[in-house]
Amino acid sequence: MGIQKTVLSVVGNPRPGSRTHALAATLSRAIAEQIGGVVAEPIDLAAHGPRVLDYEDHQLASEAKRLLQADVLVVASPTYKATYSGLLKAFLDRIGGGALDGTPAVPVLLGGASDHRLAVDVHFTPLLLELGASLPARGLFVLESELDGFEATARSWARTAFGTAT
Ligand SMILES: Cc1cc2nc3c(=O)[nH]c(=O)nc-3n(C[C@H](O)[C@H](O)[C@H](O)COP(=O)(O)O)c2cc1C
């Protein structure tokens with residue numbers, strides 16, 4: 001048996017203990033189950049706050065390194081102004097264009113307004129592609145009102161996105 005793949009989530013909510021964090025954790029578990037991998041300790045940017053902007057900060061540097069080493073990424077943000085949060089962007093600005101080098105990544109937005117559903121594909125996906133990620137499927141936009149029962153949604157989404165036809 002080879003080494004198990006790691007599924008790492010990055011949570012771009014400035015508030016700790018967010019629903020975005022819980023959503024990312026549920027999706028990461030579903031993906032890990034699907035690929036027989038393990039869920040890594042999430043990078044929750046709320047724990048770092050303004051230090052995200054400090055390029056001398058060792059903890060942030062090591063979090064950015066973990067991001068580059070993960071096998072699968074779940075990149076989650078609340079929908080802010082019809083895009084992702086500035087906090088998430090500030091963190092991702094630490095890594096170079098193309099640096100994700102084909103790592104499968106899943107963009108996830110939690111939002112309150114259904115007319116922002118396309119924000120994940122229109123605004124979030126291009127950011128991950130610029131960083132060199134490969135997207136196994138379209139991103140996920142989850143309405144606050146869809147959070148109940150998200151576990152089942154996540155499982156079926158993970159089957160579609162990461163399932164193999166064997
Ligand atoms: C500054 C700010 C801007 C927001 N802008 C949007 C928006 O443009 N579209 C939307 O659907 N929801 C928007 N929301 C609502 C959040 O995306 C929504 O409440 C989300 O579920 C919050 O996730 P959380 O519970 O993890 O904080 C905004 C919330 C805040 C605080």
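**Legends to close-up views of a predicted model**

**View 1. The whole protein chain.** With 166 residues, a compact globule would have a radius of gyration near 15 Å, and the protein chain agrees, at 15 Å; the radius is taken over C-alpha atoms, and the globule rule is 2.2 Å times the number of residues to the power 0.38. This is a predicted model, in which local features need pLDDT of at least 70, side-chain atom pairs count only at pLDDT 80 or more, and totals for chains, interfaces and linings use all residues. Residues are numbered from 1 along each chain as its sequence is written. Along the principal axes, the C-alpha atoms of the protein chain fill a box of roughly 45 × 45 × 25 Å. The protein chain has five helices and six strands, in the sequence order β-α-β-β-α-β-α-β-α-β-α. Helices (H or I, at least four residues) and strands (E, at least two) are DSSP runs, numbered from the N terminus. Contacts are pairs of residues whose C-beta atoms, placed from the backbone, lie within 7 Å. Among those between residues at least 6 apart in sequence, 77% join residues at least 24 apart.

**View 2. Helix α4 and its cover.** The twelve residues of α4 (residues 119-130) should span 16 Å at 1.5 Å a residue, and the end C-alpha atoms are 16 Å apart, which agrees; the expected span is 1.5 Å times one less than the number of residues. Buried in α4 are A119, V120, F124 and L128. These buried residues line one face of the helix, because they fall within an arc of 80° seen down its axis; the arc is that of the directions from the helix axis to the C-beta atoms. Their cover includes β4 (72-78), β5 (105-111) and β6 (140-143). G132, which follows α4, has a positive phi, near 95°.

**View 3. The shell around the ligand.** The ligand is surrounded by 16 residues, the closest being S18, T20, P78, G111 and A113; a residue is near if its C-beta atom, placed from the backbone, lies within 6 Å. At least two residues of the shell come from each of α1 (19-35) and β5. Five of the shell residues are nonpolar, seven polar and four charged. Ala, Val, Leu, Ile, Met, Phe, Trp, Tyr, Cys and Pro count as nonpolar, Asp, Glu, Lys and Arg as charged, and the others, Gly among them, as polar.

**View 4. E63 in helix α2.** E63 lies in α2 (residues 58-69). E63 counts as buried because it has 21 C-beta neighbours inside 10 Å. The C-alpha atom of E63 is 6.8 Å from that of I43, 20 residues away along the chain.

Methods
Buried ≥ 20, exposed ≤ 12 C-beta atoms within 10 Å, placed from the backbone. Contact = placed C-beta atoms within 7 Å.
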